[in-house]
Amino acid sequence: MSLWFTHPLFLPSLIIGVTIVLWATSLLPEFITALLFFAAAMVSKIAPADVIFGGFASSAFWLVFSGFVLGVAIRKTGLADRAARAISARLTDSWLLMVGSVVLLSYALAFVMPSNMGRIALLMPIVAAMAARAGIHEGSRAWFGLALAVGFGTFQLSATILPANVPNLVMSGAAEGAFGIHLNYVPYLLLHTPVLGILKGLILIALICWLFPGKPHALRDLEPATPMSRDEKRLAWMLAVVLILWVTESWHGIGPAWTGLAAACVTLLPRIGFINGEEFATGVNIRTCIYVAGILGLAITVTQTGIGRAVGDALLHVMPLDPQNPFTSFAALTGITTALNFIMTANGVPALYTSLAQSFSDATGFPLLSTIMIQVLGYSTPLLPYQASPIVVAMALGKVPARAGMLLCLALAVATYLVLLPLDYLWYQVLGQL
């Protein structure tokens, strides 16, 4: 027992374990748990400050921040309501059609906009305005369903599009750095879209309609829209420029986070911008920003302290990886990714899993590339909301309670593992990947 307490990973594991339990159970508000993690980690010196607070330097943190700022401006100028009027005329005839449209829009936008957080920041005010026009009020169970449709559609389905998801980019970079494997857009899309994009999207729509029933009302006003105000036009042009810069990131090399931050700064400038200091204070959810920084900092700390590698090595020895049982090995590799998701969150999992991929490949007999690709199903299917920061952000913007997000996470995970995992295995075989 004394040897266990003196192990160098004991204290970091204890702090990280307690943090994860508090986030999973919502015993404390999420941002307080994040602050407690920062305090405990610094006092106990489990890692350097630049590691513990690394989340604040992450592009994901600044995308969240700029997304909040731009969302306030989109709502204030009336641009959100105008966009909602334009897209909701024929999309609110039934609840199934409304939910399906939101999920499809979230997925389709991922093909042209590389940032999960940016897409959520853009969509949430528009979907909120569309819901209000259809008689679905904020705080209702139906509204929770629409907000979750944005979060889940944005994060889980975009995992099938190589540049549209942070974990995908981490995996791509790790595969190239460790093995010299360069992932290509079209083969990646073909491998993952049929099962993890289309079929999973259909299951997501069905689950939301079942768990969060709603009845949209007929639109009450059919009056023609008023002309765009000067502020609406200026903001629309600025958002168009931001969107173009996001889409063309590979040409100019400026990350979406920094483009978004620059746009947020313009939005806040006196006389030039769109919101004042008071609107910034009330509209930007600093609590969620701290929570996201905590999640990212925890993932970095897990990697830097060696906890992630220790867990990965342990899983490698206990999971049933056997070349004679390919389906069992396929399921076991997915299970390993799911287990890693609990301690590293989705953004951190690909870095560790990919570094262990050669060992997994040797143990299963699967080709190395296929072994790397199998993790996509696992990290794109979180069991708890905190494992995917885009879902957390969507829930915060929509004021969705943790219980509702957890319910949909678990329901979709069960459906994915029982239905989609066998289909995904068969699809790999059809394509000759196994």
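Is Glu-279 buried, partly exposed or exposed? Glu-279 counts as partly exposed, at 23% relative accessibility. This tour begins from that residue. Please bear in mind throughout that the structure on display is a predicted model.

**Stop 1: the salt bridges**

Side chains of opposite charge can pair when their charged atoms come close. In this model the count comes to three salt bridges.

Select Glu-279 together with Lys-76. Their side chains meet in a salt bridge, with 3.1 Å from N to O. Lys-76 belongs to helix α5 and Glu-279 to helix α15 (residues 277–283), so this pair ties together parts that are 203 residues apart in sequence.

Next, select Lys-399 and Glu-138. These two residues form a salt bridge in which the closest N and O atoms are 3.5 Å apart. Here, too, distant parts of the chain are linked: Lys-399 is in the loop between α21 (389–397) and α22, Glu-138 is in the loop between α8 and α9 (141–158), and 261 residues separate them. Which class of accessibility does Lys-399 fall into? Lys-399 counts as exposed, at 59%, because the class begins over 50% relative accessible area. Glu-138 is also exposed, at 54%.

Now select Asp-231 and Arg-234, whose side chains meet in a salt bridge of 3.1 Å from N to O. Both residues lie in helix α12 (residues 230–247), three residues apart, and are therefore separated by about one helical turn. Asp-231 is partly exposed at 32% relative accessibility, and Arg-234 is partly exposed with a relative accessible area of 25%.

**Stop 2: the aromatic rings**

A pair of aromatic rings is described by the distance of the centres and the angle of the planes. The model contains 10 aromatic pairs. One of them is formed by Trp-62 and Phe-65: it is edge-to-face, at 5.6 Å centre to centre and with 75° between the planes. Colour helix α5 (residues 59–77) to see both residues; they are three residues apart in this helix, which means that about one helical turn separates them. Trp-62 is partly exposed, at 26% relative accessibility, whereas Phe-65 is buried, with a relative accessible area of 14%.

Move to Tyr-353 and Phe-360. Why is this pair called tilted? The planes of the two rings stand at 50°, with the centres 5.1 Å apart, so the pair is tilted; an angle over 60 degrees would be needed for edge-to-face, and one under 30 for stacked. Tyr-353 is buried, with a relative accessible area of 0%, and Phe-360 is buried with a value of 0%.

To finish this stop, select Phe-37, Phe-38, Phe-53 and Phe-56, which ring pairs link into a cluster.

**Stop 3: the nonpolar patch**

Switch to a surface view. Select Ile-198, Leu-199, Leu-202, Val-414, Leu-418, Val-419, Leu-423 and Leu-426; together they make a nonpolar surface patch of about 710 Å². Two or more residues of the patch come from each of the elements α11 (185–211) and α22 (402–430). Ile-198 has its place in helix α11. The element that gives the most to the patch is α22, with five residues.

**Stop 4: the pocket and the cavity**

Rolling a probe the size of a water molecule over the atoms shows where empty space is left. The largest pocket holds about 710 Å³ of space. It is lined by 37 residues, of which Asn-285, Met-395, Ala-396, Leu-397 and Lys-399 are the closest to its centre. Which helix gives the most to this lining? Helix α8 (residues 116–133) does, with five residues.

The search of the whole structure also finds one cavity of 30 Å³ or more. The largest cavity has a volume of about 40 Å³. Select its lining: Leu-63, Val-64, Gly-67, Phe-68, Met-117, Ile-120, Ala-121, Val-393 and Leu-397. The elements α5, α8 and α21 each give two or more residues to this lining. The largest share, four residues, comes from α5.

The tour may end at helix α5, the helix that holds Trp-62 and Phe-65 and also Lys-76, the partner of Glu-279.

Terms used:
Residues are numbered from 1 along each chain as its sequence is written. This is a predicted model: local features need pLDDT of at least 70, side-chain atom pairs count only at pLDDT 80 or more; totals for chains, interfaces and linings use all residues. Side-chain values use heavy atoms; hydrogens and water are left out. Rings of Phe, Tyr and Trp (its six-membered ring) pair if their centres lie within 6.5 Å; planes under 30 degrees apart count as stacked, over 60 as edge-to-face and the rest as tilted. Buried means under 20% relative accessible area, exposed over 50%, partly exposed in between (1.4 Å probe, protein chains only). Patches are made of residues with over 30% relative accessible area and no salt bridge: like charges are joined within 9 Å, nonpolar side chains (Val, Leu, Ile, Met, Phe, Trp, Tyr) within 5 Å. Accessible areas come from the Shrake-Rupley method with a 1.4 Å probe; for residues, only the protein chains shown count as cover. A salt bridge is a side-chain nitrogen of Lys or Arg within 4 Å of a carboxyl oxygen of Asp or Glu. On a 1 Å grid over the protein atoms alone, a cavity is a set of points where a 1.4 Å probe fits but cannot get out, and a pocket is an open set with protein on both sides within 12 Å along at least five of seven lines; lining residues have an atom within 4 Å of a point. Grid points are joined across faces, edges and corners, and a volume is the space filled by probe spheres set on the points.
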